[in-house]
Amino acid sequence: MFGLGSSTRDFVQKCWDKPAARSMLIFLVINLAFMTIEMGYGVYANSLGLISDAFHMLSDCLSIFIALIASYISSGPKDKVYTYG
């Protein structure tokens, strides 16, 4: 899948299998795309407002990514030591 490593592929697959995580993953991709466009146009137009908003969107993306990591970690198997997975 696009030359990604097996751990990255596993991460994306597990996120895609869970409906709530799938929504976050789709929103993350859309948000990253808009952030990239906004940053590029902000640099082109020399607009501090657009550049600062792009960095704000980057912090949103980092928050969503952390939530996806938590979703991935919680999808592990349950046992006697880790009763919630």
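Predicted model: local features only at pLDDT ≥ 70, side-chain atom pairs only at ≥ 80, totals over all residues.
**Histidine 56 and its distance to methionine 35**
- Along the sequence, histidine 56 and methionine 35 are 21 residues apart.
- In space, the C-alpha atoms of histidine 56 and methionine 35 are 8.8 Å apart.

**Packing of helices α1 and α2**
- Two packed helices are described by the angle between their axes and by the distance between those axes.
- For helix α1, residues 6-17, and helix α2, residues 19-45, the angle is about 115 degrees, and the axes are 5 Å apart.
- On the α1 side, the contact is made by Val12, Cys15, Trp16 and Asp17.
- On the α2 side, the contact is made by Pro19, Ala21, Arg22, Leu25 and Ile26.
- The residues of this contact comprise 7 nonpolar and 2 charged ones, with no polar residue.

**Nonpolar surface patch**
- Trp16, Ile26, Ile30 and Phe34 make a nonpolar surface patch of about 400 Å².
- Helix α2 gives the most to this patch, with 3 residues.
- Tryptophan 16, a member of the patch, is found in helix α1.
- Tryptophan 16 counts as partly exposed because its relative accessibility is 41%, a value between the limits of 20% and 50%.
- Trp16 and Ile26 belong to the patch and also take part in the contact of α1 with α2.

- Asparagine 46 is placed in the loop between α2 and α3, the latter spanning residues 48-74.
- The phi angle of asparagine 46 is near 55 degrees, a positive value in a residue other than glycine.
- By contrast, most residues other than glycine have a negative phi.
- Asparagine 46 counts as exposed because its relative accessibility of 68% is over the 50% limit.

- Serine 71 counts as buried because its relative accessibility of 12% is under the 20% limit.
- Leaving aside residues up to four places away in sequence, serine 71 touches Lys18 and Ala21.
- Ala21 is also one of the α2 residues in the contact with α1.

How values were computed. Residues numbered from 1 in each chain as written. Heavy atoms only, no water. Axes fitted to C-alpha atoms, helices over the stretch in contact; angles between N-to-C directions. Helix = DSSP H or I, 4+ residues; strand = E, 2+ residues; numbered from the N terminus. Contact = heavy atoms within 4.5 Å. Nonpolar A, V, L, I, M, F, W, Y, C, P; charged D, E, K, R; others polar. Patch = residues over 30% accessible without salt bridge, like charges linked within 9 Å, V, L, I, M, F, W, Y side chains within 5 Å. Areas by Shrake-Rupley, 256 points an atom, 1.4 Å probe, with all protein chains shown as cover. Salt bridge = Lys/Arg side-chain N within 4 Å of Asp/Glu carboxyl O. Buried < 20%, exposed > 50% of the residue type's maximum accessible area, 1.4 Å probe, protein only.
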